[in-house]
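Here are my notes on the model you sent over. Have it open on screen while you read.

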Amino acid sequence: RLLILDEPTTDLDTKSRQLLLKYLEELVKHEVIILVASHDPDLIERGKIFDLTGFTTKKQPGDENERG
C-alpha cells in the first residue's frame, strides 16, 4: 500500500497537525509506504529523506513524450 501526500501539514492548526503526524506514524507501523513532499521540518525529521532536488528522468527509447 502506498499513500502519496503533497504538503499535508500546510494550513493545519497545531492540534490537527499533531493528529495527522500520529496517524501517519500508525500507518507506517502497518507497513504503509508514505511518500511526502513537504517543507515541514518536523515531518521531514520523522522519515527517511530522499532529496530529489534537480532530479531528472532518463528518456527511454521510443518514449512517446520525448521532446526534440
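1. A term to settle before we start: I call something a salt bridge when a side-chain nitrogen of Lys or Arg lies within 4 Å of a carboxyl oxygen of Asp or Glu. Side chains of opposite charge can pair when their charged atoms come close.

2. Ground rules, quickly. This is a predicted model, so local features need pLDDT of at least 70, side-chain atom pairs count only at pLDDT 80 or more, and totals for chains, interfaces and linings use all residues. Residues are numbered from 1 along each chain as its sequence is written, and side-chain values use heavy atoms, with hydrogens and water left out.

3. The protein chain has a mean pLDDT of 82, and 82% of its residues reach 70 or more. Confidence is highest in β1, at 93, and lowest in helix α2 (residues 41-45), at a mean of 80. Where pLDDT is low, the predicted coordinates should not be read in detail.

4. Overall layout. You'll find two helices and two strands, running β-α-β-α along the sequence. Helices (H or I, at least four residues) and strands (E, at least two) are DSSP runs, numbered from the N terminus. Taking a contact as heavy atoms within 4.5 Å, 60% of the contacts between residues at least 6 apart in sequence join residues at least 24 apart.

5. Buried means under 20% relative accessible area, exposed over 50%, and partly exposed in between (1.4 Å probe, protein chains only).

6. The bit I'd look at on screen: Arg-17, Asp-40 and Asp-42 are linked in a network of salt bridges. Arg-17 pairs with Asp-42, their closest N and O atoms being 2.7 Å apart. That pair links distant parts of the chain, with Arg-17 in helix α1 and Asp-42 in helix α2, 25 residues apart. Arg-17 also bridges to Asp-40, at 3.0 Å between the closest N and O atoms. Here the partners are 23 residues apart, Asp-40 being in the loop between β2 and α2 and Arg-17 in helix α1 (residues 14-29).

7. More on Asp-40. Its side chain reaches the backbone nitrogen of Asp-42 at 2.9 Å. Leaving aside residues up to four places away in sequence, Asp-40 touches Thr-9 and Arg-17.

8. The whole structure has three salt bridges, and one of them joins Lys-29 to Glu-26, with the closest N and O atoms 3.2 Å apart. Lys-29 counts as exposed at 61%, and Glu-26 as partly exposed at 38%.

9. Finally, the greasy side. Leu-2, Ile-4, Ile-33 and Leu-35 make a nonpolar surface patch of about 430 Å². Both β1 (2-6) and β2 (33-37) give two or more residues to the nonpolar patch. Patches are made of residues with over 30% relative accessible area and no salt bridge; like charges are joined within 9 Å, and nonpolar side chains (Val, Leu, Ile, Met, Phe, Trp, Tyr) within 5 Å. Leu-2, in strand β1, counts as exposed at 54% relative accessibility.

Technical notes. Accessible areas come from the Shrake-Rupley method with a 1.4 Å probe; for residues, only the protein chains shown count as cover. pLDDT is the predictor's confidence in each residue, from 0 to 100. A polar contact is a pair of N or O atoms within 3.5 Å; within protein, one must be able to donate a hydrogen and the other to accept it, and residues adjacent in sequence count only if both atoms are side-chain atoms.
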